[in-house]
Amino acid sequence: MKEIIIDFFTFSHPNIKYVVFGTMLLSVSSSIVGCFTFLKKKALVGDVVSHAVLPGICLSFLVAGYKNPLLIIIGAFISGWISIVTMDYIVRNSKIKEDTATGLSLSVFFGVGILLLTYIQHSGNANQTGLDAFLFGKAAALVGADLYAFGTIAIIILVVVALFYKEFKLLAFDIPFAKAIGMPTRTIELLLTSITVMAVVTGIQAVGVVLMAAMLITPAAAAKFWTNRLSKMLILAAIFSAFSGFTGAFISYLKPSLPTGPWMVMVLSMIAILSFFFAPERGIAIKAIRQRRIKRQFLEENLLKTFYALKEKEGDFHAPISPDEILEKRTFSLAQLNQGLKRLKRHGFLRPDEANWRLTKDGLRKGKRIQRLHRLWELYLTEYLRIAPDHVHEDAESIEHIITPELEIKLENLLKNPSRDPHDSIIPAK
């Protein structure tokens, strides 16, 4: 095992280099184009193209009589490009909706491809051996010529994206504005479609017709969870794709029975799943943790405000308060109350006194501020939004927790440092 790993990472055999760099190049180029397709909400375009290239591959074989790489690429490109143009034509010139046109284009072109492939397999032509590998891909069969072809196409795609970055960006986010400023949107769309087809065509030999759509869309979907900036999204999608290409090739080298293409898709899928749960901006798990933290903050601040309100009339804020007094003043579940009291004690805002609780200096300061913000906001709603005093409490209950010190100063100045709220209660001083 150790020798195999050393062989792989030192690229001691040329074939390792061809497979690793070939899969990485095709992954990166397809993921960058896929970002724009994904943002245009046309994720199924990749699926259509990847299936529609099959008739072109078969026709190229029938014309040449053998697997001529150049003719196969040209045939696949033409076939894939026609499928997208056909799909757009149907949408523009009929009442058929886009999803239906997508399904029609995919099924018709793929059906024709399967028919031609079956015909070739029964034609008796000995050169057709391995042609069905285009269905599922065969990355291990990549050779030096493929590496140069992938490298050339990847450079072409990157150069086109760099030259038309602003146009593609506008096309992805705001087509009406692009048309309004006179941008030739139809031409730019055709250019984007062409490089999309080019990216798919180069990938089918390694990943196959069936899985190529995943290489186009999955990196973009995963990257979108991590950022809202297109430039960062392109970089992240390229990194995810390159990692999947390298990892897929490594796993396939360790276990030759495990094909590279499917493992690339598996790695990308795992990255997408991890992004879905743990990406800092949009991850489901991170959102749940953030919401739980906000709920805790609201509970703690509401408890401190209740402690302050209970002793406001007496003025003895450090006097002991029992849990029953708190529950009479404000509705908390018993579990919430116990959890909140323990956390406030841990943070130094409360201290226990036998069965009761007392505010500490820090607890008093914080409870007083929350009460102050609550009443300032109530006053703002009544004076500037003309809301009746008996309708402002609920809104203030939500806003008081998110008012920053800067906004607090603006409120004070706007309200001219008031001393009483709409209910004639004293607004605590700072």
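**Terms and the values behind them**

Modeller: Let us begin with Glu397 and Arg330, whose side chains meet in a salt bridge at 2.5 Å, N to O. The model is predicted, with residues numbered from 1 along each chain as its sequence is written. Local features need pLDDT of at least 70, side-chain atom pairs count only at pLDDT 80 or more, totals for chains, interfaces and linings use all residues, and side-chain values use heavy atoms, with hydrogens and water left out.

Colleague: Why is the contact of Glu397 and Arg330 called a salt bridge?

Modeller: A salt bridge is a side-chain nitrogen of Lys or Arg within 4 Å of a carboxyl oxygen of Asp or Glu. Arg330 and Glu397 are 2.5 Å apart, N to O, so the pair meets the definition. In general, side chains of opposite charge can pair when their charged atoms come close.

Colleague: What makes this pair a link between distant parts of the chain?

Modeller: Glu397 is in helix H18, Arg330 is in the loop between helix H15 (323-329) and helix H16 (334-346), and the two are 67 residues apart. Helices here are DSSP runs (H or I, at least four residues), numbered from the N terminus.

Colleague: How do you know whether Glu397 and Arg330 are buried, partly exposed or exposed?

Modeller: Buried means under 20% relative accessible area, exposed means over 50%, and partly exposed lies in between (1.4 Å probe, protein chains only). Glu397 has 12%, so Glu397 is buried. Arg330 has 22%, so Arg330 counts as partly exposed.

Colleague: How many salt bridges does the structure hold, and which others can you name?

Modeller: There are 16 in the structure. One of them joins Lys305 and Glu400 at 2.8 Å, N to O. Lys305 lies in helix H14 (residues 284-310) and Glu400 in the loop between helix H18 (393-399) and helix H19 (405-415), so this pair ties together parts that are 95 residues apart in sequence. Both Lys305 and Glu400 are buried. Another salt bridge joins Glu314 and Lys311 at 3.6 Å, N to O. Asp88, Arg92, Arg186 and Glu189 form a network of salt bridges.

Colleague: What are the accessibility classes of Glu314 and Lys311?

Modeller: Glu314 has 55% relative accessibility, so Glu314 counts as exposed. Lys311 has a relative accessible area of 7%, so Lys311 is buried.

Colleague: What makes a group of residues a nonpolar core?

Modeller: A nonpolar core is a set of buried Ala, Val, Leu, Ile, Met, Phe, Trp, Tyr and Cys residues joined through side-chain atoms within 4.5 Å. The largest such core has 57 residues, and Val53, Phe168, Ile195, Ile204 and Val207 touch the most other members. Helix H10 (residues 185-207) gives the largest share of this core, 10 residues. Apart from this core lies another, of 17 residues, among them Ile326, Leu337, Leu341 and Leu350. In soluble globular proteins, nonpolar side chains tend to be buried together.

Colleague: Which residues is Phe168 in contact with, leaving aside its neighbours within four places in sequence?

Modeller: Contact means heavy atoms within 4.5 Å. On that basis, Phe168 is in contact with Phe36, Val160, Val161, Ile188, Leu191, Leu192 and Ile195.

Colleague: How do helix H4 and helix H5 pack?

Modeller: Helix H4 (residues 69-93) and helix H5 (residues 98-121) pack at about 150 degrees, with axes 9 Å apart. The axes are lines fitted to C-alpha atoms over the stretch in contact, and angles run from 0 to 180 degrees between N-to-C directions. Ser79, Ile82, Ser83, Thr86, Met87, Ile90 and Val91 in H4 meet Glu98, Ala101, Thr102, Ser105 and Phe109 in H5.

Colleague: Why is Arg386 called exposed?

Modeller: Its relative accessibility is 69%, so Arg386 counts as exposed. Arg386 lies in the loop between helix H17 (361-384) and H18, and its phi is near 55 degrees, a positive value in a residue other than glycine.

Colleague: What is the corresponding description of Lys416?

Modeller: Lys416 lies in the segment after H19 and has a positive phi of about 60 degrees although it is not a glycine. Its relative accessible area is 71%, so Lys416 is exposed.
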